[in-house]
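Please report on one helix of this model, its surroundings and the charged pairs of the chain.

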Amino acid sequence: GCAMAAAAFEYDAKPGELRNAVAAMFRDWRAFLAESAREAQEVDLDPSLDPDAVASEIVSLYLGQHLEKWLLGESDAGERALSRLDALIRSSTSVP
């Protein structure tokens with residue numbers, strides 16, 4: 001599993017430096033994804049989409065598959081998440 005996702009679930013409600021560091025990492029990742037979406041809007045991502053919402057959806061897919069795989073033992077969780085990500089991209093772009 002992912003150590004950062006595990007730390008997020010473990011420390012999300014526990015104040016302190018570790019929680020702050022994990023939260024900062026997720027904020028940075030989400031900001032990177034949002035900026036990537038903004039850049040993609042210059043090429044073929046639907047310009048009406050909110051880049052921050054796109055980033056949140058991607059993070060949600062990742063964290064959801066993490067729970068499905070590790071907590072629920074669903075070995076195909078990663079494949080399903082990739083399929084949902086592919087569907088999100090295809091519905092938001094002109095990519096065939």
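Helix α3 covers residues 51–71, which is 21 residues. From first C-alpha to last, α3 reaches 30 Å, close to the 30 Å expected at 1.5 Å a residue. That expected span is 1.5 Å times one less than the number of residues. Helices here are DSSP runs (H or I, at least four residues), numbered from the N terminus.

The model is predicted: local features need pLDDT of at least 70, side-chain atom pairs count only at pLDDT 80 or more, and totals for chains, interfaces and linings use all residues. Residues are numbered from 1 along each chain as its sequence is written, and side-chain values use heavy atoms, with hydrogens and water left out.

**Helix α3 and its ends**

The buried residues of α3 are P51, V54, A55, V59, L61, L63, Q65 and H66. Buried means under 20% relative accessible area, exposed over 50%, and partly exposed in between (1.4 Å probe, protein chains only). Their cover includes α1 (3–11), α2 (17–41) and α4 (77–92).

At the start of α3, a side-chain oxygen of D50 comes to within 3.0 Å of the backbone nitrogen of D52. A polar contact is a pair of N or O atoms within 3.5 Å; within protein, one must be able to donate a hydrogen and the other to accept it, and residues adjacent in sequence count only if both atoms are side-chain atoms. Just after α3, G73 has a positive phi of about 70 degrees.

**Q41 of α2**

Q41 is in helix α2. A polar atom of the Q41 side chain lies 2.8 Å from the backbone oxygen of L49. Leaving aside residues up to four places away in sequence, Q41 touches D46, P47, S48, L49 and P51.

**A nonpolar patch**

F9, L67, L71 and L72 form a nonpolar surface patch, with about 400 Å² of accessible area together. Patch residues have over 30% relative accessible area and no salt bridge; nonpolar side chains (Val, Leu, Ile, Met, Phe, Trp, Tyr) are joined within 5 Å, and like charges within 9 Å. Areas come from the Shrake-Rupley method with a 1.4 Å probe; for residues, only the protein chains shown count as cover. L72 is in the loop between α3 and α4. L72 counts as exposed because its relative accessibility is 53%.

**Salt bridges**

Side chains of opposite charge can pair when their charged atoms come close. A salt bridge is a side-chain nitrogen of Lys or Arg within 4 Å of a carboxyl oxygen of Asp or Glu. The count by this rule is eight. The table gives some of them.

| Salt bridge | N to O distance |
|---|---|
| K14 and E10 | 2.9 Å |
| R38 and D52 | 3.4 Å |
| R90 and D86 | 2.9 Å |

The D52 and R38 salt bridge links distant parts of the chain: D52 is in helix α3 and R38 in helix α2, 14 residues apart. D52 is partly exposed at 42% relative accessible area, and R38 is partly exposed at 33%.

K14 is partly exposed, with a relative accessible area of 40%. E10 is partly exposed too, at 42%.

R90 and D86 both lie in helix α4, four residues apart, about one turn of the helix. An α-helix has 3.6 residues a turn, so residues three or four places apart point the same way. R90 is partly exposed at 41% relative accessible area, and D86 is partly exposed at 35%. Elsewhere, salt bridges that share partners join E68, E74, D76, R80 and R84 into one network.

Notes
Helices (H or I, at least four residues) and strands (E, at least two) are DSSP runs, numbered from the N terminus. Contact means heavy atoms within 4.5 Å.
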